[in-house]
Amino acid sequence: QVQLVESGGGLVQAGGSLRLSCAASVRTFVGNAMGWFRQAPGKEREFVAAVDWSGSGTAYVDSVKGRFTISRDNAKNTVSLQMNSLKPEDTAVYYCAACSRYRIQQTNEHAYDYWGQGTQVTVSS
């Protein structure tokens with residue numbers, strides 16, 4: 001069974017930084033796209049960032065461009081999300097997701113087949 005385990009969430013003041021990490025249980029995802037999504041209370045889950053199989057192709061939602069950076073380490077089968085200049089509106093549960101069908105970065109949640117349990121990020125003003 002495939003598992004994605006996120007870590008690195010927490011409470012931070014506005015303007016601070018956090019780094020989220022996601023570890024996949026199998027090497028299947030080395031050749032496939034991975035992404036991060038988030039869901040704030042009372043809102044639908046939204047796309048945050050995605051990376052292609054190689055790590056060279058990325059995509060971001062406009063609201064995090066220039067502040068967040070997604071990266072992957074295929075040797076360790078992990079994907080990370082470096083979040084800088086955090087804002088209160090970034091508060092949400094963040095989910096790691098993995099594709100089994102696509103190598104190129106995907107922004108649509110329906111392209112992802114596996115999801116982590118989520119990690120809470122809270123940004124205080």
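Val-30 is located in the loop that runs between strand 3 and strand 4, where strands (E, at least two residues) and helices (H or I, at least four residues) are DSSP runs numbered from the N terminus. The model is a predicted one, in which local features need pLDDT of at least 70 and side-chain atom pairs count only at pLDDT 80 or more, while totals for chains, interfaces and linings use all residues. Residues are numbered from 1 along each chain as its sequence is written, and side-chain values use heavy atoms, with hydrogens and water left out.

With a relative accessible area of 18%, Val-30 is buried; the term buried stands for under 20% relative accessible area, exposed for over 50%, and partly exposed for values in between (1.4 Å probe, protein chains only). Apart from its neighbours within four places in sequence, Val-30 is in contact with Trp-53, Arg-72, Asn-74 and Asn-77, contact meaning heavy atoms within 4.5 Å. The C-alpha atoms of Val-30 and Ala-75 are 8.1 Å apart in space, although the two residues are 45 residues apart in sequence.

Val-26 also lies in the loop between strand 3 and strand 4. Its relative accessible area of 28% makes Val-26 partly exposed. When residues up to four places away in sequence are not counted, Val-26 touches Val-2 and Asn-77. Between the C-alpha atoms of Val-26 and Asn-77 the separation is 7.5 Å, for a pair 51 residues apart along the chain.

Asn-77 itself belongs to the loop between strand 7 and strand 8, and its relative accessibility of 7% counts as buried. The backbone of Asn-77 has a phi near 60°, a positive value in a residue other than glycine. Most residues other than glycine have a negative phi. Ser-85, likewise not a glycine, has a positive phi of about 50°. Ser-85 is placed in the loop between strand 8 and strand 9 and is partly exposed, at a relative accessible area of 40%.

The interior comes next. In soluble globular proteins, nonpolar side chains tend to be buried together. A nonpolar core is here a set of buried Ala, Val, Leu, Ile, Met, Phe, Trp, Tyr and Cys residues joined through side-chain atoms within 4.5 Å. The largest such core contains 37 residues, and Met-34, Trp-36, Leu-81, Met-83 and Tyr-94 have the most contacts inside it. At least two residues of this core come from each of several strands, including strand 4 (34–39), strand 8 (78–83) and strand 9 (92–98). Leaving aside neighbours within four places in sequence, Met-83 contacts Gly-16, Ser-17, Leu-18, Leu-20, Arg-67, Phe-68, Tyr-94 and Val-121.

Charged pairs form another part of the picture. Side chains of opposite charge can pair when their charged atoms come close. A salt bridge is defined as a side-chain nitrogen of Lys or Arg within 4 Å of a carboxyl oxygen of Asp or Glu, and by this rule the count is 6. One of them joins Glu-46 and Arg-38, with an N to O distance of 2.6 Å. In this pair, Glu-46 is partly exposed at 32% relative accessible area, whereas Arg-38 is buried at 5%.

Arg-45 and Glu-109 form a salt bridge as well, at 2.9 Å from N to O. This pair links distant parts of the chain, 64 residues apart: Arg-45 is in the loop between strand 4 and strand 5, and Glu-109 is in the loop between strand 9 and strand 10 (114–115). Arg-45 is partly exposed at 28% relative accessibility, and Glu-109 is partly exposed at 27%.

A further salt bridge connects Arg-101 with Asp-113, whose closest N and O atoms are 3.0 Å apart. Both residues lie in the loop between strand 9 and strand 10, so the pair ties together parts that are 12 residues apart in sequence. Arg-101 counts as partly exposed at 48% relative accessibility, as does Asp-113 at 31%. Through shared partners, salt bridges also join Arg-38, Glu-46, Arg-67 and Asp-90 into one network.

The lining of the largest pocket includes Arg-38, Glu-46, Arg-67 and Asp-90. A pocket is an open set of points on a 1 Å grid over the protein atoms alone where a 1.4 Å probe fits, with protein on both sides within 12 Å along at least five of seven lines; lining residues have an atom within 4 Å of a point. By class, this lining has 2 nonpolar, 2 polar and 8 charged residues, with Asp, Glu, Lys and Arg counted as charged, Ala, Val, Leu, Ile, Met, Phe, Trp, Tyr, Cys and Pro as nonpolar, and the others, Gly among them, as polar.
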